Amino acid sequence: MLLLFPVSVFCQRSVLRVGFSEHPPWKVREADGGYGGIDIELLRVLAERVGLGLEFVDYPFKRALEMAAIGEVDIVTGVFKRRDREKDLYFIEPAYKKFSNKAFFVLKGRESSIRRHEDLIGKTLGTIVGAKYYPAFDKDKRIMKSPVTRTELNFKMLLAGRINAFIMTESAGEYRRAQLGMEDVVSKADFIYREKQNVYMVLSRKSIFVKYLKEMNRQMRILVESGEINRIKARFYKRLRTR
């Protein structure tokens, strides 16, 4: 729920309002109702370094961008840079994620069964109804595709031997594998389709915190170049496995 502040309070606040839409493992609603995920942990570090707090407002992703455009939300994470968005949003530089990889998940010990795209020919691959992955895969009629409605069904079908592998965005597949406790039985195949795709955090051009943009950029560069996002990711998966 969006909180409304009197003008005097609004101008004095030191808390970034974050538009949140769940997108595991990057943005996750915790069992206790809290806000977590790799994006959110990175944002917490960034906000702390510039001396600001965070509050979260639940919106569908598109709506969160709309609210940022009018200044009702300060920050949104997980945004692709597009020219039409730049008139309303500052893109905090540099991008904190630069690839959207697609991975093939197989039974442990069968990683080498898929080393290139051509190794998919003649195999039965689990997919999600309506999902798109990468052009060569989507268009290749030589690959037998078995669509399901929920990710966990692909794990079950793989264990039952009904499919040879299933395809997912690498980060989402890693998250679900850890969440389901299947890291000892399900592995990633050697072949991963790597797609360059810069992902940013954005700051509303109407935010009262625009004066912090230069420092946000400086701190984001430090975080990216130091590998902090990889450490955050590792800690996130470690906590997930121990729950």
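A total of 20 salt bridges is present in the structure, which is a predicted model. One of these joins Arg17 to Glu55, with the closest N and O atoms 2.9 Å apart. Because Arg17 belongs to strand E1 (residues 15–20) and Glu55 to strand E4 (residues 53–58), the pair ties together parts that are 38 residues apart in sequence. Both Arg17 and Glu55 are buried.

Other salt bridges lie within single helices. In helix H2 (residues 38–50), Glu41 and Arg44 are 3 residues apart, about one turn of the helix, and their closest N and O atoms are separated by 2.8 Å. Glu41 is partly exposed, at 23% relative accessible area, as is Arg44, at 31%. Helix H3 (residues 61–69) contains Arg63 and Glu66, likewise 3 residues apart; their side chains form a salt bridge with an N to O distance of 3.4 Å. Arg63 is partly exposed at 38% relative accessibility, and Glu66 is partly exposed at 35%.

Helix H6 (residues 151–159) packs against helix H7 (residues 170–179) at an angle of about 70 degrees, the axes being 11 Å apart. H6 is therefore roughly perpendicular to H7, and the crossing is right-handed. Thr151, Glu152 and Phe155 of H6 meet Gly173, Arg176 and Arg177 of H7. The residues of this contact comprise 1 nonpolar, 2 polar and 3 charged.

Val76 is situated in strand E5 (residues 75–80) and, at 1% relative accessibility, counts as buried. Beyond its neighbours within four places in sequence, Val76 contacts Gly19, Phe61, Ala64, Leu65, Ala68, Tyr200, Met201 and Val202.

Notes:
Residues numbered from 1 in each chain as written. Predicted model: local features only at pLDDT ≥ 70, side-chain atom pairs only at ≥ 80, totals over all residues. Heavy atoms only, no water. Helix = DSSP H or I, 4+ residues; strand = E, 2+ residues; numbered from the N terminus. Buried < 20%, exposed > 50% of the residue type's maximum accessible area, 1.4 Å probe, protein only. Contact = heavy atoms within 4.5 Å. Axes fitted to C-alpha atoms, helices over the stretch in contact; angles between N-to-C directions. Parallel < 35°, antiparallel > 145°, perpendicular 65-115°, else oblique. Left-handed = near helix turned anticlockwise from the far one by under 90°. Nonpolar A, V, L, I, M, F, W, Y, C, P; charged D, E, K, R; others polar. Salt bridge = Lys/Arg side-chain N within 4 Å of Asp/Glu carboxyl O.
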